[in-house]
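Biologist: Could you walk me through a two-chain model, one question at a time? I am new to this.

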Amino acid sequence: MAEKFKITNSIRRRRFFADEMTQQELAEKAGVSRQTIIAIEAGKYSPSLELAFRIAHVFGVEIGEVFDYEVKRDSE
Amino acid sequence: MSYQEKKTIVSIISGMFVLVAYCVYVVGKYQSQAVSPNDLKFCGVIMLVFIGIGIAATIIIQILFHIALSVGIAVRERNCDEKVIEKEIARTIIEDEMDRLIELKAMRIGLIIGGIGFVAALVSAVFSYSVAVVLNIMFLSFGLGSLAEGAMSLYYYRKGIGDG
């Protein structure tokens with residue numbers, strides 16, 4: 001049975017707790033465009049490992065605290 | 001709509017303009033029987049000319065697009081100083097890993113269409129079609145591939161590129 005991995009993230013929540021950091025501010029700190037942050041937040045784009053580390057670094061937490069994954073089986 | 005999407009739309013429009021102009025010109029020439037369908041020199045010259053026009057049109061349209069974008073930002077931020085405006089422009093046109101990945105994925109589609117056209121052109125040669133048909137299938141398929149590349153970029157920007 002094939003398994004699929006879906007990467008999830010808590011960027012929106014972390015931005016809220018980081019004094020309502022805007023997407024633009026996070027984008028500038030992580031060195032990407034706002035469009036990319038919007039896509040990552042919406043689950044439309046899985047960032048590279050490097051960008052994932054950079055985003056976690058902006059929030060001052062471990063990568064696993066920002067990004068997680070769900071395993072989905074085909075039958076689900 | 002993001003800067004990248006607008007830029008893609010502009011390049012699709014310029015590509016479409018050149019392709020339509022090519023079709024109108026070439027079909028007109030063949031219909032008026034001004035040139036023979038086996039005139040290889042005419043095909044070569046006209047394709048080179050339109051490739052040149054395409055490159056020049058793309059460069060000019062992209063420059064005009066950048067000017068319009070910069071003016072738009074400058075007008076919107078007219079109360080801010082020059083450095084803020086420059087920063088805003090740089091922030092808008094930033095290209096990152098997602099843009100590069102979308103570009104690569106879209107380019108793959110464009111090359112597949114170009115490749116299919118190349119094979120179709122060879123097949124038409126096998127069936128003894130004229131040189132004009134063979135070369136035009138090749139030329140148009142690469143043109144359509146380029147348009148499809150733009151369309152796929154837009155699709156990926158809208159839909160996202162998910163988990164790999």
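Modeller: Let us start with the largest pocket: α1 (3-31), α2 (40-76), α4 and α5 of chain B each supply at least two residues of its lining. Helices here are DSSP runs of H or I with at least four residues, strands are runs of E with at least two, and both are numbered from the N terminus. The model is predicted, so local features need pLDDT of at least 70, side-chain atom pairs count only at pLDDT 80 or more, and totals for chains, interfaces and linings use all residues. Residues are numbered from 1 along each chain as written, chains are lettered from A and ligands numbered from 1 in written order, and side-chain values use heavy atoms, without hydrogens and water.

Biologist: What volume does the largest pocket have?

Modeller: Work on a 1 Å grid over the protein atoms alone: a pocket is an open set of points with protein on both sides within 12 Å along at least five of seven lines, a cavity is a set where a 1.4 Å probe fits but cannot get out, and lining residues have an atom within 4 Å of a point. Points are joined across faces, edges and corners, and the volume is the space filled by probe spheres set on them. For the largest pocket this gives about 880 Å³.

Biologist: Which residues lie closest to the centre of the largest pocket?

Modeller: The lining counts 34 residues. They split into 15 nonpolar, 14 polar and five charged. Ala, Val, Leu, Ile, Met, Phe, Trp, Tyr, Cys and Pro count as nonpolar, Asp, Glu, Lys and Arg as charged, and the others, Gly among them, as polar. Closest to the centre are S11(B), T58(B), S146(B), L147(B) and E149(B).

Biologist: Which element gives the most to the lining of the second largest pocket?

Modeller: This pocket has a volume of about 470 Å³. Its lining has 18 residues, with Q24(A), R34(A), S2(B), Y3(B) and T92(B) nearest the centre. Two or more residues come from each of α3 (34-41) of chain A and α1, α2 and α3 of chain B. The top giver, with four residues, is α2(B).

Biologist: How many salt bridges cross the interface of chain B and chain A?

Modeller: The contact (heavy atoms within 4.5 Å) takes 16 residues from chain B and 17 residues from chain A. The two chains bury about 1300 Å² between them, counted as accessible area (1.4 Å probe) lost on being put together, summed over both. A salt bridge needs a side-chain nitrogen of Lys or Arg within 4 Å of a carboxyl oxygen of Asp or Glu. Across this interface the rule finds zero.

Biologist: Which residue forms a salt bridge with R14(A)?

Modeller: The structure holds five salt bridges over all chains. In this one, the closest N and O atoms are 3.8 Å apart. R14(A) sits in helix α1 (residues 11-17) of chain A, and its partner, 51 residues apart, is in helix α5 (residues 63-66) of chain A. That partner is E65(A).

Biologist: Which strand gives the most to the lining of the largest cavity?

Modeller: The structure holds one cavity of 30 Å³ or more. The largest cavity has about 40 Å³ of space. Ten residues line this cavity, and I7(A), N9(A), I40(A), Y45(A) and S46(A) are closest to its centre. With three residues, the top giver is strand β1 (residues 3-9) of chain A.

Biologist: In what order do the elements of chain A run?

Modeller: Chain A has five helices and two strands. From the N terminus on, the order is β-α-α-α-α-α-β.
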